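I opened the model to look up its interfaces first, then some strands and helices. My notes follow.

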Amino acid sequence: MNALLAVDVPWWGTTIIKSIAVLLVVLLPTGTVVYLYLFKMVSFMQSRLGPMEAGPYGSLQLLAEVGKNLQKEDIFPARADRNVFALAPYIVLVSTMLLAVVVPFGPNAVFTDLDTGIFLALAVSSVSVIGILMAGWASASKYSLLGGLRAAGQLIAYELPLVLAVVGVVIQAGTLNMQQIVYAQIEGEIFGFGGLGLPFVLTQFVGFVIFMIAVQAELTQVPFDMPIAESELVSGYMTEYSGMRFLMFFIGEFATAVIFAFLASVLFLGGWSIPPFVTELLGLEIDSAWFNVIGPIVMLTKMLVLTFIIYWVRFTYPRFREDQLQKFAWKVLIPISLVNIAITGLLKVVL
Amino acid sequence: MFLNQFLLFAAALFCIGVYGVLTRKNGVLMLMSIELILNAVNINLVAFGAYTGTISGQVFALFVIAVAAAEVGVGLAIVLLIYRNRRSIDVSEADLLQG
Amino acid sequence: MTAISDRRQMAYVAAQAADARVNVELEAEGMTLNIGPQHPATHGTLRIVARLDGEQVIEAEPIMGYMHRGYEKLTEVRTYPQVTTLVNRIDWLGSFCNEVPFILAAEQLMEIEAPPRAQHIRTILFELGRIAHVSLFLGDLGVQLGAVTPVFYAFRDREHVLNQIEAATGGRFHPNFDRIGGVKDDLPAGWIAETRQVLQKLREFCDLIDGLLFGNEIFEARTRGIGVIPADVGLSYGLSGANIRASGVDWDLRRDAPNGLVYDKVDWKVWTHPDGDAYARSWVRLQEVRESCDIVEQLLDTMPPGPIMAKVPRIIKVPEGEAYVATENPLGEMGYYIVSKGGLEPFRVKIRSASFNNMSITPWLLQGAYVPDVITILASLYFILGDIDR
Amino acid sequence: MIAALSSGALFAQSSMTNTEEWVANGVFYVIAAVALFAAIKMVTTSNVVHAALYLLVVLAVVAAVYILLGAEFAAATQVLVYLGAIMVLLLFGVMLTRAKIGHEDDLDHEQKWIGGLVAVLLMAVMSYSLVDEFDTIELPADRQPQRTQEVADSIFSTFIVPFEAISLLLLAALIGAVVVARRD
Amino acid sequence: MGLVESGKLPKSLTTLLNTSRKYSLWVYQWGLACCAIEMGAAFGSPRYDVMRLGVIPLPASPRQADFVCVSGTVTDKMAPAIRRLYEQMPEPKYVISMGSCANCGGPYWDSYSVTKGIDQIIPVDVYVPGCPPRPEALLEGIVLLQEIIQHEDMQEKWNKDPLELGA
Amino acid sequence: MTDTTEVQEEAQVDEAREALLEAITAELGDALVDSHLQPGQDLWIRVSSDSFGDTADYLRERQRFRFFDYLSAIDWLPSPFGRSLDANVDNILNPSDAAEPVAMEQGVAGGETRFQIIARVYSLTTHLGLHVKADVPDDTMTVGTWTGVYPGAEWHERETHEMFGINFAQHPGLRPLYLPGAFEGHPLRKDFPLLARLVKPWPGIVDVEPMPTQDNPEDAA
């Protein structure tokens, strides 16, 4: 970060800049994803247009949403536990933002270069469940409680394949540090050919698929959207929320998708790097400051591709039933990912 | 930073945990108080690890966390069993050896 | 509106304020989940009070009447042509199909028969109504199971059919086109050719849904073996239409009692499915849409020339007598039992609507189901609230 | 809780300068105060879910303290296991047993003062001995965050036997929990 | 929110806020009878596509809705539930009454079980006539509602007397 | 349909229905009070009030009428409010103002009481429908239930109970089906007034309205 700005800022300055940057890194892509996918792509897939009136092609729709929700009445259900009810959306949203802290966007464009990077990210991602449970319980509504409990059950179940899918990558890269994982992919070779690097999606394809499925479930989206199943539980744990608090859940949901897509692109698609032969063609060094500019753009592109898949699935598939969903996690995903880990470990030792 | 500030903090948490275990009769709350005690111990371990500059403190903290996870799993299973049989999670009522 | 109904209304609202809280209050042993009255899953305003054990339903009771508009009473104070307007709105999706059995019953009492061309037009519109009706079901099924996109396709392609109905009748939704003794108008020029194109689009829509939903493994996992209705149970509850055909009962009023409609001049097939589960019900409906397309296609080919109205007096008085005529509506058997006293208005009309019987099986069917399956079962039974409550 | 986590994340840098040390100290006192407050509320509150949420705060602060002490891996584990798993499990259990919203009366024994007395005495004894023993000892100023790799190395070499024992214990606990909680 | 309630807002900001409300109308679809299908066509059918206007037909819960579209016959049994739904919605909230039945009872004007007009229960902003109205008619109703919102004085809306019925 | 085929079909159907009627007459004995056969259309039988409940069992088990169609009732009382274009009694607001009472007259298959139960069953083997009528005693207003044989009758009987006030012995729960709890009266009885009509005469009494272009002073008023 400092290198990017080429100015010597004091530590508190960096902290403030970083905090703002985290907000931007989370909110801007989230806005893009909501507009692009929730409003536009889905509309086109359903042969509609999506919002058109607010701004050119409805591009200011999200601002209108924020402006409106600012004015909405903040309702607390009569029998709700007010404090817990009020706190829940913050936990969901902020835990999502904390995830962004460990994601590298360039050789120097990192917030914190943690040794335990991906491990901490996975750890923090599980905190949002607590927010959901709190929301479900504090709303004093059966739909909410059922939704919250279902969400928790599901998130616990899918946390496991999520972590296990990452383990394969970690074994192959030999590090938990996200930045190191990116470098490992840049420096990797495919049968001696280093021009493409080695995106782990090639060697860890099973892990990648499991990761994306688990992400879909972590996001509580179709086909794993039992917790907010509209036709059954109204909107699950969010049922009683209105105004800004609802917007926080709403944004949190999409922000989580964005962050997980970032994580997936770092873990499996080479992160901020572009294939080394392109780097050579451009005449750049992998550590050059240019990558602090190119990196975020590359990350954004990769993220958009991954979120596209996420929302494509979301708007096309029917949903699983609760028991089928649990069965799928425990009887399919976890065994496969364990086998994947075993094979990866074996190959790592052998090769 | 002083070593003692961590140790005293841990001691305080420990004592609060002890108070909780002694006064609560709700099963889940007792479990939580025990977690508090375990965490206090962990802080001690990590603090001493940092003081001596060795890795053992942290490693033992990890072991304790693992044990705590196991403890909560079994504990919660027991509590749910009590709840299912007696429709209450008041451990002072669960004083009969037979179900 | 009027003073009396105003006051009645207010008193009622006050008295029932407590009842509206029922959502939370209906606590018995175990958890009680109240689905509805206005709930995304219930196609309107059905309320299902389910006593749960975990996520399993111990006992479910549908509570109806949220759409009860007092049809049977209102028919007694309207003339026969006016009743036609009213009955359009019973099963609001298959509007034209509602008119037909009533008109047929009246014709039976008056001993009038519509000319062949009118019968043809009736049958075509009847089948078009079925196509529009059931294609929406196919889309809606997806929504109930969490797939949002099919319903947009359903709405999109349903428009084509509605266009044709509108072109022929002038009414997009409630045509009020059927007359005692025939139909109101002849078909407009070029209608037949356009309808052929529409049928082609609808066939493509069926293939789309077939791939999007029925070819999806999750869909199968959600519907196979869910809500199985044995044929005998279904019959004693009075289930009709695709619901009972999905249980393997080969019975279709179009074929078995084609009174006044020209199904006997068409080569077509009654689809059945042996399983009787939610999948079977949906599958049978999909096939029926396809079959309907074929029926309409053939009828378009064989459209006879001639008048569209029989000789009917200007002011319609129906001679004394009683008659029951039922047709195979999109939802199942719909019949009208008309008692006439020779006046301008019916003396008594009993409306035998399909959904009422189809839904009466739900307390039996929902026992032991899981909450998500409740939605599947309700969706696959396919009911229209107006058709239940009337 | 979130604040604690983020403050932890902020200080997870390499070796600290003097100012940072000073700030870290300040942060420690703030979050320690928060943790103690939350812990006291946890053992006194009359709502089970609130108690669980207070415990959550304490656990998050403990994770932050780990980071302050340079034990990054332990902190991440703390978040993953305690916040992400144990607390979710606890909350899940609490909500399954139909925790009421509002106050519940019979969460405590009658004689609270005995517990209080024990706790205060214990605290007195411990703080006396701690102050007596470690009064002016400072943590080494040049201490480095403990590398994750070192943790891994020592777990799989020095502590391999306890590690295996722990994994057996976890397995046993898993089976035990399943056996206990089974419905039949 | 406090500012809005006190009504001390500069004119330009009011316009901005009104505009944002205008273009972000989350609708709760209270579909009751025949009109429900035409409403569904307006909201769901690609031909009408109400989302163009910034009406998002997403929320399943009234808590997140900005306006409710009551479409169809309201029976006396349903009336309390509608009242309750309206109370559950957060301010500022609007009501579109769609179809003759919701407006005045429609063809069931003489029925013993039908409420003759939902304006007896909740305040209505826009009436859409028809039995059932075509989807285009509903679209126009929504555009009219947007016009109302654009020219709305928030101070008045917040400080007006609470709804009194049954007095 | 051409005329020739219709005649043939009628003849066939007639035979089947007559055979059915004969069988029922023979087996039901005294329970069968009256019957009516409309060639080519339908068959009505009227059973005594007491045997109504048992008839279901007989029809289902012996005659294989597996399909339960509907169950309802008819109130034969001529409407005290009367409404007919030529009668010009549409504006009668009070039952006592009504013109001279018309004698009660029951429909096909006869009848003796004001209320009559009507039910229909259908056989999938012969594809014949059968209407079953039964008088409801004016004093007890109770007949037997069909729910034991045809569980689908439960809702129909609840509806009938609510709309006409007819009781069904041994019905599992005769709760109101449609109307809210506070509702009074049985709407489908002929003497149940439609309040809105009493307050305001029906505007649609003139069936043929003049075109808007026609200047009608009465319309403007």
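This is a predicted model: local features need pLDDT of at least 70, side-chain atom pairs count only at pLDDT 80 or more; totals for chains, interfaces and linings use all residues.

What area is buried between chain A and chain E, and what share of it do carbon and sulfur atoms give? I read about 2,700 Å², with carbon and sulfur atoms giving 60%. Buried area here is the accessible area (1.4 Å probe) that two parts lose on being put together, summed over both. The size of an interface is often given as the accessible area lost when the parts come together.

Residues are numbered from 1 along each chain as its sequence is written, chains are lettered from A and ligands numbered from 1 in the order in which they are written, and side-chain values use heavy atoms, with hydrogens and water left out.

**Entry 1: chain A and chain E**

I looked up the contact (heavy atoms within 4.5 Å). Chain A puts in 34 residues and chain E 29 residues. I then asked for salt bridges, taken as a side-chain nitrogen of Lys or Arg within 4 Å of a carboxyl oxygen of Asp or Glu. The rule gives two between these chains. One of them joins A:Lys68 to E:Asp66, with the closest N and O atoms 2.7 Å apart.

Polar contacts came next. The term means a pair of N or O atoms within 3.5 Å; within protein, one must be able to donate a hydrogen and the other to accept it, and residues adjacent in sequence count only if both atoms are side-chain atoms. I found eleven such residue pairs across chain A and chain E, both residues at pLDDT 80 or more. On the chain A side, α2 (11–45), α3 (61–71) and α12 (243–268) each give two or more residues. Helices (H or I, at least four residues) and strands (E, at least two) are DSSP runs, numbered from the N terminus. α3(A) gives the most, seven residues. By class, this side of chain A has 15 nonpolar, ten polar and nine charged residues. Ala, Val, Leu, Ile, Met, Phe, Trp, Tyr, Cys and Pro count as nonpolar, Asp, Glu, Lys and Arg as charged, and the others, Gly among them, as polar.

**Entry 2: E:Asp66**

Where does E:Asp66 lie? I placed E:Asp66 in the loop between β2 (55–56) and β3 (67–71) of chain E. E:Asp66 counts as buried because its relative accessibility is 2%. Buried means under 20% relative accessible area, exposed over 50%, partly exposed in between (1.4 Å probe, protein chains only). Leaving aside neighbours within four places in sequence, its contacts include A:Lys68, A:Lys72, E:Trp26 and E:Tyr94.

**Entry 3: the sheet in chain E**

I traced an open sheet of five strands in the order β2-β1-β3-β4-β5, with parallel pairing. β2(E) and β5 (126–128) stand at the edges with a single partner strand each, so one side of each is left without a neighbour in the sheet. Two strands pair if DSSP finds at least two bridges between them. β4 (94–98) of chain E meets β5(E) through three bridges. There, E:Ile96 has E:Val126 as its bridge partner.

**Entry 4: chain B and chain D**

This contact takes 68 residues from chain B and 83 residues from chain D. I read a buried area of about 6,900 Å², 76% of it from carbon and sulfur atoms. How many salt bridges does the rule find here? Zero, across the interface of chain B and chain D. Polar contacts come to eight residue pairs, both residues at pLDDT 80 or more. α3(B) gives the largest share of the chain B side, 22 residues. That side has 48 nonpolar, 14 polar and six charged residues.

**Entry 5: β2 in chain F**

I counted five helices and seven strands in chain F. Of its 221 residues, 48% count as buried. In β2 (42–47) of chain F, six of six residues are buried. F:Asp42, F:Trp44 and F:Arg46 lie on one side, with F:Leu43, F:Ile45 and F:Val47 on the other.
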